[in-house]
Amino acid sequence: MNNPVQDSLDRPLRDLRISVTDKCNFRCRYCMPAGIFGPDYPFLPKDKVLSFEEIARLAEMFAGLGVTKLRITGGEPLLRKDLPVLIGMLKPIPGITDIALTTNGVLLPKFAAKLKEAGVGRVNVSLDSLHDETFRYMNGNRSGVQAVLDGMEAAAEAGLQVKVNMVVQKGVNDHEIVEMAAFFKARKHILRFIEFMDVGNSNGWRLDDVMTKQEIIQRIHGEMPVEPADPLYKGEVASKFRYKDTGEELGVISSVSDAFCSSCTRARISAEGTLYTCLFASKGYDLRDKLRSDLTDEEIQAYIADIWRGRKDRYSEERRSQTKDLPKVEMSHIGG
Ligand SMILES: Nc1nc2c(ncn2[C@@H]2O[C@H](COP(=O)(O)OP(=O)(O)OP(=O)(O)O)[C@@H](O)[C@H]2O)c(=O)[nH]1
Ligand SMILES: C[S@@+](CC[C@H](N)C(=O)[O-])C[C@H]1O[C@@H](n2cnc3c(N)ncnc32)[C@H](O)[C@@H]1O
Ligand code: SF4
Ligand code: SF4
């Protein structure tokens, strides 16, 4: 079933981001604000969420279409019961060379060793601040900083490569850019600064709140000189830099100020099995129904291939060109 596909802008399908749950133990204001994702929020019932068998079946079909990298995400993926069992099912899929996890980190002390043993190679751990007051403000008062640092340490001890994700919001945590950079430079973890994005409809995004790649790098360069570094592969999400003195790496994910759609090779599957061809897509394609029908793998794979061939998404590039003269962007028309 090896039949690599390219979309209408000649972008191959290389990465599959799999959300294994829509639930989370944090309430980050920029992602799941507590006011909206409250106690009555209708999270998916269990029977609507893809089973491990269904996820593995899909992953195999995607691998046949050219996917080599799987990223497990969520919600908080470590809330999904028995996640290492799923990893063990994904690991032997022919063509898959990289299985990674993105997590808020607090459950890593419990799971890091099991994840490594099952086949995860690396984890990206999100941490927006080194100070409890700011961090708790940003995560809806769900965790202090030390619990996440403990998670990173557990992952590193288990032999997982650890990178750190910091979403930067002007006036909230941008004063910590240099401190975070110095902290993780000393610990030799690659820190990636993420421009606050207008995902979904609920995070109150304003262009004014975005610290751009240029502003972030300027601040760091003023204290610890950096220079651009080469990407590891074409289509890497983060722009890379290195410190001139130690050569340690850092990155910036500049979806707003410097979009990277032209090399975007990523497909996404939500927890209920909907395929999205862009992080900002308003329309998805139901794969769960297909999996639960009597269609064969070949037929479902052909359906996915057709969707990919028709793909035109370049949301971040379009946002830039449509909004470059506007001081603010109203994002309420964009799907999650
Ligand atoms: N706009 C946009 N943002 C993305 C895309 N892929 C990842 N991101 C964002 O990049 C940030 C970091 O994502 P991660 O889950 O750590 O994944 P990654 O950066 O691709 O990970 P690596 O494989 O380690 O490079 C998150 O804020 C994601 O939402 C993409 O295709 N488009
Ligand atoms: C949605 S989370 C899911 C995985 C896990 N719960 C975590 O926080 O790492 C994946 C990544 O998206 C980032 N993210 C969420 N909302 C964002 C936004 N509005 N802008 C930029 N990045 C965002 C998070 O910081 C995290 O690094
Ligand atoms: S960014 Fe991650 S940890 Fe924060 S609310 Fe979203 S899913 Fe949860
Ligand atoms: S905005 Fe869409 S097309 Fe552009 S890089 Fe992100 S996921 Fe890919």
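Mentor: Happy to! Let's start at Cys261, which lies in the loop between strand E9 (249-253) and E10; strands (E, at least two residues) and helices (H or I, at least four) are DSSP runs, numbered from the N terminus. We are looking at a predicted model, so local features need pLDDT of at least 70 and side-chain atom pairs pLDDT 80 or more, while totals for chains, interfaces and linings use all residues. Residues are numbered from 1 along each chain as its sequence is written, chains are lettered from A and ligands numbered from 1 in the order written, and side-chain values use heavy atoms, without hydrogens and water.

Is Cys261 buried or exposed? Cys261 counts as buried because its relative accessibility is 9% (buried is under 20%, exposed over 50%, partly exposed in between, with a 1.4 Å probe and protein chains only). Cys264 is buried too, at 11% relative accessible area. In an unreviewed entry, UniProt gives Cys261, Cys264 and Cys278 the feature "binding site". These three spread over 18 residues of sequence, yet they cluster in space, with a largest C-alpha distance of 9.3 Å. UniProt annotations may be inferred rather than shown by experiment.

The three cysteines meet again at ligand 4. Of the 13 residues surrounding ligand 4, the closest are Cys261, Cys264, Cys278, Leu279 and Ser316; a residue counts as near when one of its heavy atoms lies within 4 Å. E10 and helix H10 (315-323) are the elements that give two or more residues to this shell. By class, the shell around ligand 4 holds seven nonpolar, one polar and five charged residues (Asp, Glu, Lys and Arg are charged; Ala, Val, Leu, Ile, Met, Phe, Trp, Tyr, Cys and Pro nonpolar; the others, Gly among them, polar).

Staying in the loop between E9 and E10, look at Thr265. Thr265 is buried, since its relative accessibility is 8%, and its side chain makes a polar contact of 2.5 Å with that of Asp15. For a polar contact, a pair of N or O atoms must lie within 3.5 Å; within protein, one must be able to donate a hydrogen and the other to accept it, and residues adjacent in sequence count only through two side-chain atoms.

Next along is E10 (266-269), which takes us to ligand 1. E10 is one of the strands that each supply at least two residues of the shell around ligand 1, together with E2 (69-73), E4 (122-126), E5 (161-168) and E6 (190-195). Arg17, Lys69, Thr102, Lys163 and Arg266 come nearest among the 21 residues around ligand 1. That shell divides into eight nonpolar, five polar and eight charged residues. On its own, ligand 1 has 630 Å² of accessible area, and the protein covers 91% of it (Shrake-Rupley method, 1.4 Å probe).

Cys31 is partly exposed, at 46% relative accessible area. Gly75 sits in the loop between E2 and helix H2 (83-90) and is also partly exposed, at 28%. UniProt, again in an unreviewed entry, lists Tyr30, Gly75, Ser126 and Met197 under "binding site".

One more residue deserves a glance: Thr103, in strand E3 (residues 98-103). Thr103 is buried, given its 2% relative accessibility, and a polar atom of its side chain lies 2.9 Å from the backbone nitrogen of Gly105.
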